[in-house]
Amino acid sequence: MENHYDIIVVGAGHAGCEAAVVSARLGHQVLLVTMNLAMVAQMSCNPAIGGIAKGQIVREIDALGGMTGIVTDHTMIQFRLLNRSKGPAMWSPRAQCDKTHFSLYWRNILENTPNLHLRQDTVTELIMDGNAAAGVKTQLGKTLYARKVILTNGTFLNGKIHVGEVNFSGGRIGESASFLLSDQLQSLGITTRKLKTGTPVRIDGRTVDFSKMEEQPGEENPGRFSFTNTPILHRQLSCWITYTNEQVHQVLQKGFEKSPMFQGRIQGVGPRYCPSIEDKIVRFSDRTRHQLFLEPEGRHTHEYYLNGFSSSLPEEIQVEAMHLIPGLEKAEIFRPGYAIEYDYFDPTQLNFSLESKVVPNLYLAGQVNGTTGYEEAACQGLMAGINAHLSLVGKEPLVLTRAQAYIGVLIDDLVTKGVQDPYRMFTSRAEYRILLRQDNADARLTPIGRSLGLIDDERYDAFLRKYDMQDQIVTYLRQHTTHYLTLNELLEKKETSPLTQNVKLENVLLRPQITIHDLMDYDLDFTEFLRQIGADEEQITNAETYIKYSTYIQKEEELVQHLSNLDNIKLPENLDYQSIQSLSKEAREKLSKVRPVNLGQASRVSGVSPADITALMILLRVKATGSRQ
């Protein structure tokens, strides 16, 4: 029927687009409702995808069958692989994108996905069937029914924008906020709180003196996010680096008396790891300058984003301070920076599937769960869409572990620990970084995407060929011996001790000074082998990573196996933690709130000690023994 769907997705940001497309591809009739179809997958903040740990998330989305990596590859204008000076576990791809093209490319995907219907409207209310979600009502008076509802409202729920002493409702500047829905969810028992985020001025590049800045070009041989055959990037655009100074800081401080943040007009908690410029000069008062990045917003615009200069100070203060920054002395702005505070929902009230514990059939994904960033939102949307599908077909939800994916780390952190400030992913949040590299995301997750039906035969065959090729390279390095005189010239150049006897190539590659490309330059038999099997650069580099880190990989895998034992010990759903006197008071309170599903999750709850976990293990053992008697 016209107003009945399997799944309704509310909001067409990065989470909503992923949720809608994946659930439609899995065979369901899906309706995506958004306030403005011209702004789908809008890059509200900086025009970039990826970065530290975020790049790994995008590769994981792609490995599962999501679209963000593909859209990025088709719309990027610069590519860099960050942290090359560190080990491969820290390497993180990042791309500047053409902001307008990114949104249009997503729009094209949405309009050409079978089973996916689009509607421009504002959702004002959930339809309830008892205590469960059963659809939505809209501002235009439509009543739309669905078996599952996914909310991905971003910063639009009760959003308020601040520029100095001026404030007004809005989800983004120039776009209205959404009201009523947040109040209804709160009345249903979903805990609602406020967060704050912000964005900097947008600058007219024609008024910038780039000669006073440091150019930051893209990589000579740019990579890609997707494991599919997306286009290679040509003709990259540069970013530019400049710095604040003490004069800039003095001008900014003049506006503190009108700052909504310092005067208490903003109640929401701001992002700890991406603070505003006024917050930075207060928190780091000993620093005389802060680095800024001027980032292009597209190929066909002069608009630039001033990364690191986020502010909610009065516009005249922002401009006066900006004019004291090298290269920006005569810069004109397209719009000022602003702060926005908005409602989010306590993610500890979610199951690992991202379905609400309070309102069945309702899924929450993206910034409404307290995260920040396009990548964090997109992966939640993907997982919510997948799990809504699995629920509809009567299957268990897909729950990625902390050892399988950064996506698993993110969702476990949200559900288990909740958030105090906008959550941002970092490599330091993952215990198993060596296992969760950006290069092996497909090895970890593509078989799962295949089992779901998101990876077709052609892509899966290419995946199998790739890893067969890598295995051949690893086997060659481990089995073939090189004559020591062949490599001693190389070893001398690299300032590492020469060989006195013939050794396996693997043993040479294990030296930190030696790369696989060094072996290719000096061992012609190895180079000929690679040519014969048709190995490409990605397969060669991945084989090197596996060889160099094999010992560490094995140790982490053993640790995962040991710790996974706790995840296999289930906790009863109705366990009364308050009655367990052997637990600390804090543990009783936290566990009663989170309701962990197993001992592994319980051990990761903030405030739960190893002694508390031991007490639970003893209790479960006693219960199990008693039940057998």
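Let me begin with an open sheet of four strands, arranged in the order 11-10-19-12 with antiparallel pairing. Please bear in mind throughout that the model is predicted. At the edges of this sheet stand strand 11, residues 166–169, and strand 12, residues 192–199. Each of these two has a single partner strand, so one side of each is left without a neighbour in the sheet. From one strand to the next, the twist averages 25°.

How many bridges join strand 12 to strand 19? There are eight, and the two strands run antiparallel, strand 19 covering residues 338–345.

I turn next to a loop residue. N83 lies in the loop between strand 4, residues 76–82, and strand 5, residues 92–97. Is N83 buried or exposed? Its relative accessibility is 19%, and the cut-off for buried is under 20%, so N83 counts as buried. If we set aside neighbours within four places in sequence, the contacts of N83 are I52, M90 and W91.

Finally, the cysteines. A disulfide is a covalent bond between the sulfur atoms of two cysteines. This structure holds zero disulfides. C17, for its part, is in none, and the nearest cysteine sulfur, belonging to C97, is 14 Å away. With a relative accessible area of 0%, C17 is buried.

Thank you for your attention.

Key: Residues are numbered from 1 along each chain as its sequence is written. This is a predicted model: local features need pLDDT of at least 70, side-chain atom pairs count only at pLDDT 80 or more; totals for chains, interfaces and linings use all residues. Side-chain values use heavy atoms; hydrogens and water are left out. Buried means under 20% relative accessible area, exposed over 50%, partly exposed in between (1.4 Å probe, protein chains only). Contact means heavy atoms within 4.5 Å. A disulfide is a pair of cysteine sulfur atoms within 2.5 Å. Two strands pair if DSSP finds at least two bridges between them. Axes are lines fitted to C-alpha atoms, for helices over the stretch in contact, and angles run from 0 to 180 degrees between N-to-C directions.
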